[in-house]
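Okay, thanks everyone, let me put this one up on the screen.

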Amino acid sequence: MKRNKFLGLDLSTQSLTALVMDLSDHTLYRKSLHFDETYPSYQTSGGVLAGEDPRVVCADPRMWIEAVDDLLLLLRHEGITKEVASLSVSAQQHGSVYLHSKAAARLKDLDHRKPLVEQTGDIFSRPVAPVWMDSSTSEECEEIAQAMGGDARLAETTGSRATERFTGPQIRKFWKKDPRAYEHTRHIALISSFITSLLTGRLAPVDCGDGFGTHLANIRTGKWNRKALAATAPKLRAKLPRLMRGGESAGKVSSHLIKRYGFHPQTEVIVGTGDNPASLVGLGLVGDTEQKAVSLGTSDTYFGYMRNLGRDRSPEGHVFGAADGKYMLLLCFKNGSLAREAVKNRHHLSWDEFSRILLSTKPGNDGKIMLPYFLPEITPLVLNPKVHRFGGLLEQDVEGDVRAVVEAQIMTMWLHSAGSGRHPAKILVTAGGSGNQGLLQVIGDVFDAEVESFEVKDSAALGAAFRAAKGFFATKGDFREWKALTDPFTRHRGLGIVRPRKEAVKIYRGAHGLLGVYEACEKFALGLGGDPQAAIRRFRETYG
Ligand code: XUL
């Protein structure tokens with residue numbers, strides 16, 4: 001039988017998705033398991049476990065193991081696994097999984113007749129995995145930055161200023177709180193390398209797309225950085241996965257995958273990556289410096305490809321590795337879909353109604369502004385969540401609230417990405433929110449850019465499938481270009497272009513426009529500027 005299918009697995013915050021790509025007829029097959037619904041016994045909300053302190057957020061890795069087991073069994077049942085030539089993983093970034101010394105042997109020797117979780121549920125030296133939504137490591141961030149010679153130096157070496165959710169500060173916190181458990185930890189995986197380890201039966205490497213989101217690597221050499229390791233925790237080097245630049249093979253599937261799920265013994269597993277670097281691939285943006293991407297998932301992210309490490313780096317931006325060994329820039333906004341959903345639910349709206357409100361109400365919202373920090377925010381850094389309302393915006397104002405939350409999210413994206421080079425003329429939008437026309441129109445209007453969304457919204461899973469294919473061909477000595485792989489899928493699957501409306505663009509970008517008002521509100525709320533009332537008044541006089 002010809003094996004011509006490539007499988008991308010994306011373990012996001014809220015679900016595990018499989019995307020199977022057939023290169024012979026360019027068809028795609030998709031299957032997804034939603035954590036809250038499928039695994040209620042883990043009591044997650046939005047896929048995570050939040051503590052009393054809103055800054056502490058983690059997940060139980062056994063839930064992910066169950067999901068991998070169930071999804072692969074489903075794919076076997078559909079007759080897909082035996083046709084897969086290679087597979088690769090994409091996963092939410094920064095989260096870390098802590099394994100004890102018996103874990104490696106256990107992964108190697110699994111009984112295919114038993115559920116995976118039954119045999120791997122006790123391989124952890126720390127029962128929970130801190131995830132990207134955690135913001136409880138400010139102290140450790142400060143300590144690491146100081147040891148590295150300051151925040152600017154840290155960013156120069158590792159690609160980011162000290163960042164709470166990054167793996168290094170998370171590891172440091174664990175070592176400080178529980179040095180014995182740290183001592184007993186043999187291996188610290190990123191989520192992408194952990195899931196890959198389940199597939200190969202061996203502790204798997206991590207790629208620079210995910211590895212640079214740790215504060216532990218040097219973005220120039222693509223190697224773990226000795227000084228950063230020392231600044232984080234003792235004897236750390238030996239506990240980390242191998243760091244790899246490109247998407248090479250991590251080995252063949254384990255005998256467990258062959259026997260339990262029906263994979264062919266020659267199936268390759270290509271090194272996994274983070275969901276944002278995978279999305280860059282899935283959107284066909286590797287090598288493209290002209291267009292940028294906006295992902296409207298649990299988090300909102302703004303990202304783009306970088307050919308080299310120029311000076312155009314917003315201080316709040318992160319540099320991660322791209323799939324071709326170059327770089328990508330990313331900004332992350334934590335309150336993404338969670339804030340939109342909070343507003344939608346508070347006013348008992350459907351997503352269609354939410355979109356209609358955005359399309360029918362006036363851009364600028366008459367100067368009514370919301371700072372939607374329902375949760376601690378990443379960009380800008382807000383550790384104590386609070387929703388601020390300005391310009392007389394009332395909680396019961398349904399239309400005002402909907403417009404305010406979305407305008408805030410897109411304006412903050414525009415403002416904080418301003419330091420990262422020219423704003424693009426075209427933006428590709430992906431993930432759950434990309435089906436919402438109202439949202440797309442606000443992006444177009446605020447950025448004064450054309451906006452395109454796609455039939456396939458799972459660009460991270462699609463990117464993982466592309467990585468699987470590219471890595472597989474490379475093992476055969478076929479080094480085809482990324483574009484040759486991605487074009488047939490991305491070019492014909494656009495859902496049309498949303499264009500910016502001139503009048504709306506003026507309201508945001510013109511003199512005394514809403515972007516300036518928003519910036520004034522944000523500065524005021526963060527204690528960095530005075531009362532924004534005068535700016536709101538001027539806006540109303542100009543655009544009222
Ligand atoms: C990126 C980030 C999030 C996660 C979850 O830096 O923290 O986008 O990858 O998707």
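So, across the interface of domain 1 and domain 2 the rule turns up two salt bridges, where a salt bridge is a side-chain nitrogen of Lys or Arg within 4 Å of a carboxyl oxygen of Asp or Glu. R30 and D458 pair up through their side chains in a salt bridge, at 2.7 Å from N to O.

Before I go on, the housekeeping: this is a predicted model, local features need pLDDT of at least 70, side-chain atom pairs count only at pLDDT 80 or more, and totals for chains, interfaces and linings use all residues. Residues are numbered from 1 along each chain as its sequence is written, and side-chain values use heavy atoms, with hydrogens and water left out.

Back to the domains. Domain 1 runs 5-278 and domain 2 runs 283-544, with bounds from an automatic or database domain assignment. Their contact takes 60 residues from domain 1 and 48 residues from domain 2, contact being heavy atoms within 4.5 Å. The C-alpha centres of domain 1 and domain 2 are 26 Å apart.

How much area do domain 1 and domain 2 bury between them? About 4,000 Å², with 64% of it on carbon and sulfur atoms. That's the accessible area (1.4 Å probe) that two parts lose on being put together, summed over both.

There are also twelve residue pairs in polar contact between domain 1 and domain 2, both residues at pLDDT 80 or more. A polar contact is a pair of N or O atoms within 3.5 Å; within protein, one must be able to donate a hydrogen and the other to accept it, and residues adjacent in sequence count only if both atoms are side-chain atoms.

On to the ligand. Residues around the ligand include W132, R165, D275, S299 and F320, going by a heavy atom within 4 Å. The side chain of R165 has an N or O atom 2.8 Å from a ligand oxygen. For D275, the distance from a side-chain N or O atom to an oxygen of the ligand is 2.5 Å. S299 puts a polar side-chain atom 2.9 Å from a ligand oxygen.

Zooming out, the whole structure has 26 salt bridges. One joins the side chains of E83 and K5, at 2.5 Å from N to O. E83 sits in the loop between α2 (61-77) and β6, and K5 in strand β1, so this pair ties together parts 78 residues apart in sequence. Helices (H or I, at least four residues) and strands (E, at least two) are DSSP runs, numbered from the N terminus.

Last, the backbone. T379 and P380 are joined by a cis peptide bond, omega about -5 degrees, and P380 is in the loop between β20 (369-373) and β21 (386-390). K235 isn't a glycine, yet has a positive phi of about 50 degrees. You'll find K235 in the loop between α11 (226-232) and β13 (243-244).
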